[in-house]
Amino acid sequence: MPVKYETFTVPKKTGGVRTISAPHPELKLLQRRLSDGLQSCWDEINSEKKISKPISHGFRRRSSILTNASVHRGRRFVFNVDIKDFFDSINFGRVYGFFLKNTDFALPESVAKILAAISCHEGKLPQGSPCSPVISNLIGQVLDIRLAQLARSHGCSYSRYADDLTFSTNKRVFPSAVAALGINHAWVVGDALSKIIERSGFQLNPKKTRMQYCDSRQEVTGLIVNRRANTRPEYRRLTRAMTHKLVTTGKFQIAGMKADASGTFAPTLVDGSISHLQGMFGFIDWVDLSHKKATETHDGPPSSISKVYKRFLMHRDFWASSLPVILCEGKTDSVYLRGAIRRLATAHPSLVSMTTVGKAEYKVRFFNYSYTSQRILDLSGGAPAVKSFITGYLKSVKKTPAPSNRQPLIVLLDNDSGGKVFYSLIKEYNGKKTPVDGMDDFYHLEANVYVVFTPIAKPGDNSSIEDFFEPALLATKIDGKSFNPSNEDLDENTEYGKAIFAAKVVRPNIPKINFDKFGLILARLERVMDAHVKKHVSKV
């Protein structure tokens with residue numbers, strides 16, 4: 001009989017271990033599809049019932065720890081309780097019975113039994129299955145409705161995130177039906193709340209019961225809610241400290257758990273990864289960005305943590321890259337160059353290798369112009385923005401230099417009025433007495449930064465990367481419109497710009513386009529890579 005699950009344990013921060021049952025890939029795919037289907041059913045049910053505000057916020061669309069925490073911000077009292085063994089308490093019979101008897105589903109017995117069999121392991125919902133969260137939420141609806149009614153009748157707000165239940169109020173006295181002061185000033189669950197939990201088929205975990213007052217830190221699902229939902233200050237400080245360690249030494253450590261000879265897990269420090277730190281920044285940025293969207297405060301100077309995030313992204317994307325990085329003026333240039341490198345692979349093996357099935361494995365990395373890069377790095381595209389970024393980058397790495405980088409950062413620019421704003425910067429770093437005319441194969445600024453211009457025939461000429469396509473391709477019309485490569489004063493009635501040219505003309509026709517002229521640009525990229533290797537070796 002095939003093994004359907006792989007079971008293992010992970011250490012808990014509070015001690016002990018958590019058992020995870022990870023389904024086999026084929027079963028996981030089936031469970032994922034079931035989860036997506038049930039989420040859609042749930043959305044449809046809520047829409048028909050005109051339910052717009054969720055009570056449960058865990059593992060559901062358009063909800064998160066942030067929406068859950070926001071329910072309780074700025075309150076006099078915040079009370080948290082925890083359901084004991086949440087998934088384990090939902091057994092095969094409960095899942096089967098729900099799909100069979102719930103009026104929103106009322107499925108045939110055979111179908112209900114199949115769904116319970118797909119979702120359960122060893123007679124209960126397993127931690128590790130993609131469909132356990134949505135099914136637990138569906139079954140937990142009765143609990144949520146009863147608790148919401150209890151909270152409303154006593155002037156409280158209520159929300160649930162998985163097994164974490166939260167009540168909050170601004171009343172001067174917290175309602176005893178929900179929680180009351182017991183022996184030694186310890187808060188205990190109120191009788192009414194306790195009875196609802198038990199009637200709904202769950203048990204409370206008394207070890208995780210706590211009351212939080214407005215004159216001290218109030219925390220809900222890991223976020224501070226005293227004024228607005230926000231990440232913990234110590235979490236931000238830790239992220240800042242890790243980044244400083246990374247950009248000065250090339251590595252950092254994080255708190256982890258390690259088993260001793262007896263198998264007992266104990267706290268320890270382990271080497272952190274770039275992806276781990278990216279996850280921390282992503283979480284902080286997501287919370288901050290959500291607040292800005294909610295309050296419509298998009299403008300203003302960057303916060304202190306945004307400045308640290310910027311330094312981290314500089315390190316990750318440009319200093320610690322495992323491949324040479326090509327920073328173009330915008331997204332479209334990368335589309336052109338990828339196609340050129342692929343088509344001219346034989347002549348430029350240091351840039352790409354082709355697998356036996358014809359897949360291109362690039363030996364360079366193109367910087368991705370994303371929403372985050374535009375906000376945090378202030379890289380929206382265009383030569384002036386790139387110049388400003390490179391100036392800041394060089395100042396930053398000079399202040400906090402990590403171990404020497406083996407890969408170059410190649411700034412590829414059009415040799416036109418826009419790109420020539422770099423001429424003064426090149427002279428500043430090179431100290432050349434002769435004028436910079438854009439004729440050289442490349443210009444080294446400092447550290448790992450090199451500038452490459454599109455080739456020109458003689459000083460004073462202009463060129464852009466589109467000039468290296470055949471005239472017939474540039475003359476391609478789309479819906480009767482002509483291509484305007486300058487993107488300036490674009491007449492949308494008769495012209496289309498670079499984005500459409502890259503997406504509809506270049507990308508779908510790469511196998512047919514003549515990229516031969518791009519060989520001049522690719523050769524310059526290779527010369528930079530060779531020069532940087534020699535420069536690095538000479539310092540070792």
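**Reading a pocket and a buried serine**

Modeller: In this predicted model, helix H6 contributes the most to the lining of the second largest pocket, giving 8 residues.

Colleague: How much space lies in the second largest pocket?

Modeller: Rolling a probe the size of a water molecule over the atoms shows where empty space is left. Here, the second largest pocket holds about 620 Å³ of space.

Colleague: Which residues of the lining lie nearest the centre of this pocket?

Modeller: The lining consists of 30 residues, and Ile51, Lys53, Pro54, Ile55 and Ile145 are the ones nearest the centre. Two or more lining residues come from each of H1, helix H5 (132-139), helix H6 (141-153) and strand E4 (157-161).

Colleague: How many residues of each class does the lining have?

Modeller: The lining of the second largest pocket has 15 nonpolar, 9 polar and 6 charged residues.

Colleague: Let us turn to a single residue. Where does Ser64 lie, and is Ser64 buried or exposed?

Modeller: Ser64 is found in the loop that runs between helix H1 (25-48) and helix H2 (65-70). A residue is called buried when its relative accessible area is under 20%. Ser64 has a value of 15%, and therefore counts as buried.

Colleague: What does Ser64 touch?

Modeller: Beyond its neighbours within four places in sequence, Ser64 is in contact with His57, Tyr161 and Trp286. The Ser64 side chain also reaches the backbone nitrogen of Leu66, at 3.2 Å.

Colleague: What share of the chain do buried residues make up?

Modeller: Of the 540 residues in the chain, 45% are buried. The chain has 17 helices and 21 strands.

Key
Residues are numbered from 1 along each chain as its sequence is written. This is a predicted model: local features need pLDDT of at least 70, side-chain atom pairs count only at pLDDT 80 or more; totals for chains, interfaces and linings use all residues. Side-chain values use heavy atoms; hydrogens and water are left out. Helices (H or I, at least four residues) and strands (E, at least two) are DSSP runs, numbered from the N terminus. Buried means under 20% relative accessible area, exposed over 50%, partly exposed in between (1.4 Å probe, protein chains only). A polar contact is a pair of N or O atoms within 3.5 Å; within protein, one must be able to donate a hydrogen and the other to accept it, and residues adjacent in sequence count only if both atoms are side-chain atoms. Contact means heavy atoms within 4.5 Å. On a 1 Å grid over the protein atoms alone, a cavity is a set of points where a 1.4 Å probe fits but cannot get out, and a pocket is an open set with protein on both sides within 12 Å along at least five of seven lines; lining residues have an atom within 4 Å of a point. Grid points are joined across faces, edges and corners, and a volume is the space filled by probe spheres set on the points. Ala, Val, Leu, Ile, Met, Phe, Trp, Tyr, Cys and Pro count as nonpolar, Asp, Glu, Lys and Arg as charged, and the others, Gly among them, as polar.
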